[in-house]
Amino acid sequence: MQAFFSRAGLALLCVLLTALLIAALFWALSIGTVDLPPAVIAAAILDQIQSGTPIDMAGKGPVHDIVWLLRLPRLLLAAIIGAGLATCGVVMQAIVKNPLADPYILGISAGASLGATSAVLLGIGAAFGENAVGIAAFLGAFAVSVGVLFIANIGGRANAMKLLLGGMALSAVCSAFSSFIVYFANDKEGIQTITYWMMGSLAGAKWEHMAIIGGIVALAVLFFWSQSRILNLMLLGDASAITLGTDLHPYRQAYLIVSALVVGFAVFAAGMIGFVGLVVPHVVRMLVGTDHKRLVPVSALVGAIFLVVADGLCRVLIPHTELPIGILISLVGAPAFIYLMVKRTYGFGGQ
């Protein structure tokens, strides 16, 4: 399989993965408390598209409501967030030259957690209404990203080591403040809300957010795809890049800001979903190589498929209960990643 992926043309790979993504969407639409045949799903989708009426219009029947109001928005959001996190994982691993990096490595998760904790337990951002937690988490994640860039540029240009150290420092500070707020807050319900949010969930998907988040992720994937040459140079290091006539410093700054924007919107829409940005790029790199011209688009599509399948499983593994997607991904992703790492390092499994 590795030989096939390595030799297949990029267009063919993208077509195959897009077909697999569509199949995964239909599969996930068909399962749940009520099972729906693919023909019924296709009819409901076509009827809505041809009708030209609002999606939430009353009287369209239970099948329409299940497909268009309950399952389809969360599955599309899963595909969007999976593509965004996987792409940002690829970029972060190139920036810090470490395949164990993920989109949250620079303290973004701690910043998002502090924002969400402040919104739930201190009421910060209450003016945003029902979106207060997501918006506060987005602002926290983005603020930490900017802070890491600022710290890494103190006393000289930022490099991979300074970014990692700055991220660790701000992550520790944000975690300490979050723990401080939780310790003094006498709000068990609020603490439960934060805990559930940290597990990640796509249940709050809304059509009105889909165009914004989807547009940002699509533009980010296209942007990073266009930057494949620079991302390849980052793997060589700053000294080698300068000898080839390219200064990586401004590119690194821009890539971190764009990645923080994508991750911030993912956190806003679905809370904390780990491992996607770590496992997916690593697996794809083993299949298609390290060239970012192939790595970026293939990782985006595989990330979308991965999260769509995971969301479908979350709704059916435990009857009448939805398992938080972050738990499932960690339970499956961690052992799978360890296996792949050991197999790659020691040649287990026939290599």
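## Pockets, cavities and helix contacts

The largest share of the lining of the second largest cavity, four residues, comes from α4. That cavity is one of two cavities of 30 Å³ or more in the structure. This is a predicted model, where local features need pLDDT of at least 70, side-chain atom pairs count only at pLDDT 80 or more, and totals for chains, interfaces and linings use all residues. Residues are numbered from 1 along each chain as its sequence is written, and side-chain values use heavy atoms, with hydrogens and water left out.

**Terms to know**

- On a 1 Å grid over the protein atoms alone, a cavity is a set of points where a 1.4 Å probe fits but cannot get out; a pocket is an open set with protein on both sides within 12 Å along at least five of seven lines, and lining residues have an atom within 4 Å of a point.
- Points are joined across faces, edges and corners, and a volume is the space filled by probe spheres set on them.
- Helices (H or I, at least four residues) are DSSP runs, numbered from the N terminus.
- Nonpolar covers Ala, Val, Leu, Ile, Met, Phe, Trp, Tyr, Cys and Pro; charged covers Asp, Glu, Lys and Arg; the others, Gly among them, are polar.

- The largest cavity has a volume of about 40 Å³, and its lining is M92, L106, I108, S145, V148, L149, L256 and A260.
- α6 and α12 are the elements that give two or more residues to that lining, with α6 giving the most, three residues.
- Sorted by class, the largest cavity's lining has seven nonpolar residues, one polar and no charged.
- The second largest cavity holds about 30 Å³ of space, and I80, I81, G84, L85, I213, V217, V262, F265 and A266 line it.

- The largest pocket comes in at about 500 Å³, and among its 23 lining residues, E130, W197, G204, F268 and A269 are the closest to its centre.
- Helices α6 (132–152), α8 (188–199), α9 (207–226) and α12 (249–270) are the elements that give two or more residues to this lining.
- Its lining has twelve nonpolar, nine polar and two charged residues.
- The second largest pocket has about 360 Å³ of space; 19 residues line it, and T33, R71, R74, R315 and E322 lie nearest its centre.
- That second pocket's lining has eleven nonpolar, four polar and four charged residues.

**How the helices pack**

- α9 and α14 (residues 292–314) pack at an angle of about 165°, with their axes 8 Å apart; axes are lines fitted to C-alpha atoms over the stretch in contact, and angles run from 0 to 180 degrees between N-to-C directions.
- That angle makes α9 roughly antiparallel to α14 (over 145 degrees).
- V221, F224 and W225 of α9 make the contact with H292, K293, V296, P297 and A300 of α14 (contact means heavy atoms within 4.5 Å).
- The residues of this contact divide into six nonpolar, one polar and one charged.
- The axes of α2 (residues 10–30) and α4 come within 10 Å and cross at roughly 145°.
- L21, L25, A28, L29 and S30 of α2 touch V67, R71, L72, L75 and A79 of α4, and this contact has eight nonpolar residues, one polar and one charged.

Terms used. Angles under 35 degrees count as roughly parallel, over 145 as roughly antiparallel, 65 to 115 as roughly perpendicular and the rest as oblique.
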